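Have the sequence and the 3D view ready as you read.

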Amino acid sequence: MIAIPPVDGLTIGAALRRAAAHNPNREALVFQQGGFRATYAEYDRQVDEVARALMAMNIQRGDHVAVWATNWPEWTLLFMAAARVGAVLVTVNPAYRTHELAYALRQSDTKALFLIDRFKSSDYQAMIAEVRDELPELRWVVSMKDTAPAGVVSWPDFVGLGESVPAEELEEREAELSPGDPINLQYTSGTTGFPKGVLLSHRSILLNAWYVGASQGLGPADRVCVPVPFYH
């Protein structure tokens, strides 16, 4: 086991940039459903596009951005992009009912919510519309699909917002970040009361991932299948 992992001292955004620089043509992410495939160079570029779009929405370092969705490529792009601009990603359980959603978004002071249309019998668009007026901090609702109802921004329109933000501004934002910055807010199940938020940093997430991979002896030739929900 390496005493000091090479990711120690990096932010998540910097770790991705390093991977893209060292292995630009190696496949980074594959989603069988929908046929999504991206190399590290392609993935890094797409993360930049989403990061600049977040900045265009005036998402500042430390602001809270929530994702309420099952596993999709856009979920991972948003996670990495939020880390790249220093936002805290609030990962919402796809099984939440309306009152649980409202509690998590209100308690976390979420400023932007990204969501899919539905999961099982839950109509996400109808559910957020029901509680949106109760969430004064929520400025943006963005669909992770190509189309969106009134009052919601579609994914292509969201990404297009980033064209107004120069790449240099994103570089400046990244330079401000520290590995100890909070980057992810996860909620407990709440089986004994209201869910409790737990903050994770760039460093804690990267080191956890590094040691999990190292303990399994994973290398560049290996592929990891992730069938479990991204949110937790």
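In which helix is Glu169 found? Glu169 is part of helix α7, which covers residues 167-176. Helices here are DSSP runs of H or I with at least four residues, strands are E runs of at least two, and both are numbered from the N terminus.

Before going on, a word on the model: it is predicted, so local features need pLDDT of at least 70 and side-chain atom pairs count only at pLDDT 80 or more, while totals for chains, interfaces and linings use all residues. Residues are numbered from 1 along each chain as its sequence is written, and side-chain values use heavy atoms, with hydrogens and water left out.

**Paired charges**

Side chains of opposite charge can pair when their charged atoms come close. A salt bridge here means a side-chain nitrogen of Lys or Arg within 4 Å of a carboxyl oxygen of Asp or Glu. Searching the whole structure turns up 14 salt bridges. Three of them go into this table:

| Pair | N to O distance |
|---|---|
| Glu174 and Arg17 | 2.7 Å |
| Asp181 and Arg61 | 2.9 Å |
| Glu174 and Arg84 | 3.5 Å |

Take Glu174 with Arg17, joined by a salt bridge. Glu174 sits in helix α7 and Arg17 in helix α1 (residues 12-22), so this pair ties together parts 157 residues apart in sequence. Glu174 is buried at 15% relative accessible area, whereas Arg17 is partly exposed at 26%. (Buried means under 20% relative accessible area, exposed over 50%, and partly exposed in between, with a 1.4 Å probe and protein chains only.)

Glu174 also has a salt bridge with Arg84. Because Arg84 belongs to helix α3 (residues 73-85) and Glu174 to helix α7, the link spans 90 residues of sequence. Arg84 is buried, with 1% relative accessibility. Salt bridges with shared partners connect Arg17, Asp44, Asp48, Arg84 and Glu174 into one network.

Then there's Asp181 with Arg61. Asp181 lies in the loop between α7 and β9 (182-187), and Arg61 in the loop between α2 (40-56) and β3 (64-68), so parts 120 residues apart in sequence are tied together. Asp181 is buried at 15%, but Arg61 is partly exposed at 40%.

**Back to Glu169**

Glu169 is partly exposed, with a relative accessible area of 38%. Together with Glu168, Glu171, Glu172 and Glu176, Glu169 forms a negative surface patch. For such a patch, residues need over 30% relative accessible area and no salt bridge, and like charges are joined within 9 Å.

Definitions and conventions. Patch = residues over 30% accessible without salt bridge, like charges linked within 9 Å, V, L, I, M, F, W, Y side chains within 5 Å. Areas by Shrake-Rupley, 256 points an atom, 1.4 Å probe, with all protein chains shown as cover. Lys, Arg positive; Asp, Glu negative; His and termini not counted. Charge placed at Lys NZ, Arg CZ, Asp CG, Glu CD.
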